[in-house]
Amino acid sequence: MYLPPHDPHVDDPMRSKPLFRIHLMERRSATVECMYGHKGPHNGHVQIVKKDEFSTKCNQTDHHRMSGGRQEEFRTWLKEEWGRTLEDIFHEHMQELILMKFIYTSQYDNCLTYRRIYLPPSHPDDLIKPGLFKGTYGSHGLEIVMLSFHGQYARGTKITGDPNIPAGQQTVEIDLRHRIQLPDVENLCNFNELSRIVLEVHEQVRREQQQEAGDGPAPPREQLAARGPDGAAAQDSKEPGDEAASAPAGQGQPFVLPVGVSSRNEKYPRTCRMCFYGTGLIAGHGFTSPERTPGVFVLFDENRFGFLWLELKSFSLYSRVQATFRNADAPSPQAFDEMLKNIQSLSS
């Protein structure tokens with residue numbers, strides 16, 4: 001199992017933890033050992049369910065228990081998962097979310113079903129190389145997101161989830177047709193100014209969607225949505241995708257978070273390449289009342305990007321997973337799209 005680094009250190013490497021092992025014996029036989037828990041390897045079982053899917057089962061779950069009961073198990077899990085003790089976490093809401101995650105994950109006792117995940121196919125015109133990224137999610141800690149490109153859109157799909165948004169759901173969607181020109185640093189510090197710019201683009205996108213559906217008048221040809229503090233239009237009448245293609249690759253612009261926006265990691269880059277309008281998925285506990293809300297996708301460099309959640313006044317920083325995975329490429333773009341649909345259907 002690959003675990004993200006301890007929150008909020010997104011640039012640290014992933015951590016690996018063995019869950020089971022298989023001993024190949026003579027005459028095509030094998031023994032399986034469960035590696036879960038702290039009492040050493042013990043009897044387990046692996047079964048191939050169907051193509052690209054298998055399940056594991058522990059036959060001695062008593063090996064997962066600790067003498068101190070669930071309280072000791074929770075404290076040990078917390079130290080491994082978060083790198084801290086419960087006394088270190090003063091935020092009551094964060095304690096509640098962590099406890100929910102422990103209850104949810106520990107109930108399976110390493111009796112799990114695994115399905116193959118393909119890495120996203122890449123194209124020379126992609127904004128950056130697609131792949132897996134570690135991201136900060138407030139009190140939920142670090143989660144793994146898969147960034148993939150689909151024509152005029154980029155999508156971030158959760159590979160690991162939390163009590164609000166489960167794995168498989170599309171956490172962010174970036175509209176590559178709508179680039180946002182940030183105001184200068186002095187005005188960027190004003191959350192209301194950034195909010196005004198993004199919401200104007202949000203309204204423009206809504207009108208365009210109505211037009212595409214045949215429900216309303218066409219939006220004006222000139223794009224007036226995102227303006228800088230001097231009133232100059234941040235976008236003109238280019239064709240979709242021209243903005244990304246024409247941007248100078250190495251030229252950066254100053255970036256700071258507006259006052260009042262929270263971030264788990266204050267070590268985010270202070271310059272960015274470009275920004276785009278996007279939406280982020282938010283929901284209540286148990287994935288109740290999910291809705292997409294406007295935000296800003298911030299591209300820092302080849303290995304880092306961010307997303308500013310407007311409604312939550314929160315900023316997520318993402319850093320590329322540098323671990324390499326063998327035989328993980330999709331046999332075709334269609335196979336990758338089908339996989340995305342399958343993992344999303346599991347959590348819907």
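Biologist: Which residue in strand 5 does E33 stand opposite?
Modeller: E33 faces N43 there. Strands here are DSSP E runs of at least two residues, helices H or I runs of at least four, both numbered from the N terminus.

Biologist: What kind of model is this?
Modeller: This is a predicted model: local features need pLDDT of at least 70, side-chain atom pairs count only at pLDDT 80 or more, and totals for chains, interfaces and linings use all residues. Residues are numbered from 1 along each chain as its sequence is written, and side-chain values use heavy atoms, with hydrogens and water left out.

Biologist: How do strand 4 and strand 5 pair?
Modeller: Antiparallel, over two bridges. Pairing requires that DSSP finds at least two bridges between the strands.

Biologist: What order do the five strands of that open sheet take?
Modeller: The order is 3-4-5-6-7, with antiparallel pairing.

Biologist: Why is one side of strand 3 and of strand 7 left without a neighbour in the sheet?
Modeller: Strand 3 (20–24) and strand 7 (112–115) are at the edges, so each has a single partner strand.

Biologist: Switching to T56. Where is T56 found?
Modeller: T56 is in strand 6, residues 53–58.

Biologist: Buried or exposed?
Modeller: T56 is buried, at 6% relative accessible area. Buried means under 20%, exposed over 50%, partly exposed in between, with a 1.4 Å probe and protein chains only.

Biologist: What does T56 contact beyond four places in sequence?
Modeller: F20, H45, V46, N110, C111, L112 and Y114. Contact means heavy atoms within 4.5 Å. For N110, the backbone oxygen lies 3.0 Å from a polar atom of the T56 side chain.

Key
A polar contact is a pair of N or O atoms within 3.5 Å; within protein, one must be able to donate a hydrogen and the other to accept it, and residues adjacent in sequence count only if both atoms are side-chain atoms.
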